[in-house]
Structures are given as C-alpha cells and as structure tokens.
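Here is a colleague's note for someone opening this structure for the first time. Please keep the sequence and the 3D view at hand while going through the points.

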Amino acid sequence: MFEARLTMDAPTTASADNGTSGGGGGWFGTPPQPETTPNDARPPSDGGQADRRLAENIGMFGERPRVPPQRAQTPPPGPAAQDHTPPPPPAQQASPDALLIRRTMAEVEPVADKVTSYFYALLFVRHPQLRPLFPAAMDTQRDRLLKALLTAAEHIDNTEVLVAYLQNLGRGHRKYGTLPEHYPAVGECLIGALSKYASHIWDQAMEAAWVRAYTTISQVMIDAAAVDQMRAPAWWHAEVVAHDRRTPDIAVVTVRPDQPYPFLAGQYTSVETPWWPRVWRHYSFASAPRSDGLLSFHVKAVPAGWVSNALVHRARLGDVIRLGPPGGAMTVDHTSDSGLLCLGGGTGIAPIKALVEDVAEHGERRPVEVFYGARTDVDLYDINTMLRLQQAHSWLSVRAIIDQQGHIGLPDAVREFGPWNGYDAYLSGPPGMIRSGVHVLRSAGFPQERIRHDEVEELLTVDG
C-alpha cells in the first residue's frame with residue numbers, strides 16, 4: 001500500500017510497522033525523525049496553527065486545501081512538489097488494506113457530517129490544548145476533511161498520487177506549526193470516529209488497516225516537513241507595496257516578501273491576513289518570478305470570504321500578510337516545444353498571464369493561445385495587459401470570450417477553434433469552468449496527461 005511509495009522519495013523508518021495489531025496505547029506513536037533532522041531543528045509552534053493542520057492531516061488522505069491539481073504528466077522540477085491525480089487502480093488490483101478502507105468509507109459516507117463532527121469533538125475534548133490552533137469557524141475545515149478521506153479511499157493503492165500529495169501537504173503544514181507529536185492525537189480520534197459510525201462492520205482487521213495507513217501517511221508528512229525545514233522557512237512575511245482596485249470587487253495586490261521567495265510561473269501560495277489569524281486561502285501568482293522579488297495576486301472578494309474581502313477592501317500599503325510555501329504544478333515544461341492552450345476565467349487569468357511571461361522570458365517561439373473568459377466587459381479587468389503582451393509577441397494570441405447572458409461558456413467557445421493537436425492545455429478559473437473545460441477537451445480527444453489545472457478541490461477525481 002503506502003509503504004511501496006515511501007521508498008520513492010521519503011526517508012523510510014521502522015515506524016511504518018507501529019500499531020499494526022490495532023492495539024491500545026501505542027497507536028500512532030510519533031514516528032522517529034529522519035536521521036538528517038535533529039529534534040531541536042523542528043519549527044516552533046506558531047501561535048496555534050498546528051491543529052488546523054492536524055485536521056488537514058486527517059485530511060491528508062488526499063485533499064488539499066486548496067487541493068491538489070489534476071495532472072498525470074511529470075512537471076519540471078520546482079520548489080514545490082507536483083500533484084498528480086490519475087484514475088484509481090481497478091478494484092480487482094486493490095490491496096487487502098485498500099478494500100477494508102474503502103469499505104469503511106462506503107459505510108460512513110451517508111453520515112459524513114456526523115463522523116466529522118464527532119472526530120472534532122473527540123479531538124477537542126481529549127486534547128483541549130489543540131483547539132486554539134484551529135480557525136474559529138470550522139465549516140470549511142470539516143468539508144475538507146471529508147473530501148480528503150474520500151479521496152484517500154479512492155486512491156489508497158495509488159502510491160504515486162498519495163506520496164507526492166502527502167509530501168506537499170507535510171511541507172505546507174509547517175506554516176500551521178504542526179509538530180510530529182501532534183499526529184498521534186489526530187490518528188487516535190480518527191479511529192475513534194470511524195469505529196463509532198462503522199461499528200457493525202468494524203473489526204480488528206479493519207482497525208489495523210487504518211492504523212497502518214495513518215502511521216505511514218503521518219510518516220511521509222513528517223519526513224517531508226523535516227527535509228523542507230532545512231531549506232525553507234515555514235512561512236514568509238510580506239508587506240503590501242501596491243494595491244490596485246480594478247473593479248469594485250477585484251484588486252491586484254503586490255507584496256514584498258521579507259526574504260527571497262522561490263516559485264515557478266503557474267504556481268500558487270496560501271495567504272493569511274492579520275485580520276483573520278489561522279485562516280489561509282490560496283492565490284495564484286500573477287506573474288513569472290521578477291528580478292525585484294515582488295509578488296502579485298489577483299483577488300476577487302467573494303460573499304462571506306474572510307481573506308478575499310480583507311485583501312480587497314481592507315488591505316492598505318504597509319500591511320503585512322503571511323505566505324505559505326509555493327504549490328502546484330501547472331507549470332511550463334521548457335524541454336518541450338508543444339503549444340500552450342490556456343483557458344482563464346475571471347481571476348483565473350492571473351496564472352495564465354504568468355505562464356505567458358514565463359514563455360517569453362525563456363525566449364521561446366512556441367504558439368500560445370489564450371482564451372480569456374468573463375461574464376461582462378467589466379469582468380475583463382486585465383484584458384489590456386493581455387493585449388499588450390499579444391502586441392509584443394507574435395506567437396501569442398488572446399481571445400476574449402464574453403458570456404453576457406450565460407449561454408456560451410468559455411470551454412464551448414474553445415471547441416470552435418483548433419484543432420489542438422500538439423498543444424498542452426492549462427485551465428484556471430471557477431470550478432465549474434474547469435470541470436466543463438476538462439470535459440470539452442477530453443471529448444475532443446485531448447489526452448488527459450496534457451490537461452493541467454490547479455486550485456480545484458472539487459476536481460480531485462475529474463470524470464474522464
């Protein structure tokens with residue numbers, strides 16, 4: 001199961017064998033640290049963010065906060081791990097542990113809300129010192145936990161998917177202050193919640209399967225975090241140096257990090273504002289890496305969006321936000337001469353713009369076709385920038401697709417052009433747009449491995 005994948009990238013230890021009997025007090029004991037990482041090198045607790053990460057560690061089974069992208073190709077190396085989500089292996093190839101875990105998930109899925117609520121109740125009652133580490137509102141966190149568990153159940157035998165994702169998650173969780181000793185509490189309460197709501201099928205074998213899976217998962221995350229802390233901080237402070245309101249609810253926010261921030265065009269980061277501690281949201285970088293080190297984000301304020309509304313309506317020059325590590329693999333493979341077919345809807349044009357700049361900076365002349373979708377003319381807030389890029393580069397074509405009445409979606413418009421043989425597709429925007437975009441491209445014969453997108457939790461397992 002997970003053990004086979006451990007041998008790929010992460011340091012292995014004997015901890016993967018802990019608790020295989022499903023016994024008592026030794027469950028999920030903290031796995032030993034990799035030999036290369038001394039205990040005193042662990043990142044300090046950062047004001048209570050550990051527990052939110054704990055939930056994502058339970059959520060570590062496959063979700064991402066912001067969730068990991070759909071992609072089957074091997075992206076170029078970068079500062080953050082890539083995420084891959086190929087289809088799950090056929091049922092007949094499933095391991096015994098995978099069968100038991102999927103059986104558990106099928107049993108608890110109808111009462112998922114109760115399982116999740118019970119898990120948090122156990123965690124906060126048994127380990128009250130962890131509660132301050134979570135955000136005040138838990139609704140979003142609970143949704144993520146459920147999606148993560150379901151994803152894990154679906155991909156339990158897909159070691160390539162899970163290890164790459166878990167390593168990325170382990171690195172990302174450093175910003176919450178999660179320590180190795182926090183993992184046992186999460187595992188204990190996860191088992192408690194599952195065993196309660198799957199009680200009539202729960203037995204020693206099923207418990208042992210979950211113990212093995214969780215022990216190995218936590219080890220992958222711990223090892224990845226230990227390696228990462230030797231080369232990068234857990235988070236960066238960044239000062240707002242420009243705030244350009246493009247529409248009443250969209251702003252381009254530019255920040256200066258307090259130390260060099262390595263990333264690749266097409267990636268994203270997580271952002272925490274001073275007004276909502278422990279609440280992180282993901283935003284794509286709106287440009288390729290710049291010589292001055294500045295970072296820009298396109299932010300749209302959404303109803304009840306704590307971070308987005310703070311960044312659009314409240315942030316001012318001089319305010320300091322925090323950034324997590326870069327993530328995502330919607331990046332350009334510069335060893336290829338394939339064309340780029342880019343679909344950007346709304347603020348999803350931000351990473352598309354970064355990809356165009358990246359191609360230009362590498363001096364390439366590969367064709368790049370950009371479809372910029374919006375509901376109204378006003379929503380094409382960055383069209384002038386894209387048209388200037390088109391004027392400067394003969395290999396770039398930019399088409400604005402305005403869907404004033406909601407009848408012509410961006411993906412449908414793309415269908416009218418082409419064919420797209422020899423292109424790699426990049427999609428960024430609302431989940432619905434990406435979902436329909438993937439469907440349109442696949443139905444037109446576009447290979448799944450040449451379709452790339454990030455930032456869509458709902459699309460971890462896009463129908464193929």
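1. Two strands are said to pair if DSSP finds at least two bridges between them, and helices (H or I, at least four residues) and strands (E, at least two) are DSSP runs, numbered from the N terminus. With that in mind, strand 1 and strand 2 (residues 250–257) pair in the antiparallel sense over 8 bridges, and a hairpin of 2 residues joins strand 1 to strand 2. Val240 has Val255 of strand 2 as its bridge partner.

2. On the basis of the model: this is a predicted model, in which local features need pLDDT of at least 70 and side-chain atom pairs count only at pLDDT 80 or more, while totals for chains, interfaces and linings use all residues. Residues are numbered from 1 along each chain as its sequence is written, and side-chain values use heavy atoms, with hydrogens and water left out.

3. On the chain as a whole, the secondary structure comes to 13 helices and 11 strands. Of its 464 residues, 58% count as buried (under 20% relative accessible area, with exposed being over 50% and partly exposed in between, for a 1.4 Å probe and protein chains only). Among the contacts (heavy atoms within 4.5 Å) with a separation of 6 or more, 80% are between residues 24 or more positions apart.

4. Which strands form the open sheet with parallel pairing, and in what order? The sheet has 5 strands in the order 9-8-7-10-11, and its edge strands, each pairing on one side only, are strand 9 (396–402) and strand 11 (451–453). Neighbouring strands of this sheet are turned by 15° against each other on average, direction ignored. Strand 8 (residues 368–374) is joined to strand 9 by 7 bridges in parallel, and the bridge partner of Val368 in strand 9 is Leu396. Helix 13 (residues 431–443) packs on the sheet, where it touches strand 7 (339–345), strand 10 (423–428) and strand 11, and its direction makes about 160° with that of strand 10.

5. For the helix pairs, axes are lines fitted to C-alpha atoms, for helices over the stretch in contact, and angles run from 0 to 180 degrees between N-to-C directions. The axes of helix 4 (residues 112–126) and helix 7 (residues 183–197) come within 9 Å and cross at roughly 140°, which makes helix 4 oblique to helix 7 (angles under 35 degrees count as roughly parallel, over 145 as roughly antiparallel, 65 to 115 as roughly perpendicular and the rest as oblique). Residues making the contact include Tyr118, Phe119 and Leu122 of helix 4 and Cys189, Ala193 and Tyr197 of helix 7.

6. The axes of helix 10 (residues 349–361) and helix 11 (residues 383–392) come within 11 Å and cross at roughly 20°, which makes helix 10 roughly parallel to helix 11. Ile349, Lys353 and Val356 of helix 10 meet Thr385, Met386 and Leu389 of helix 11 in this contact.
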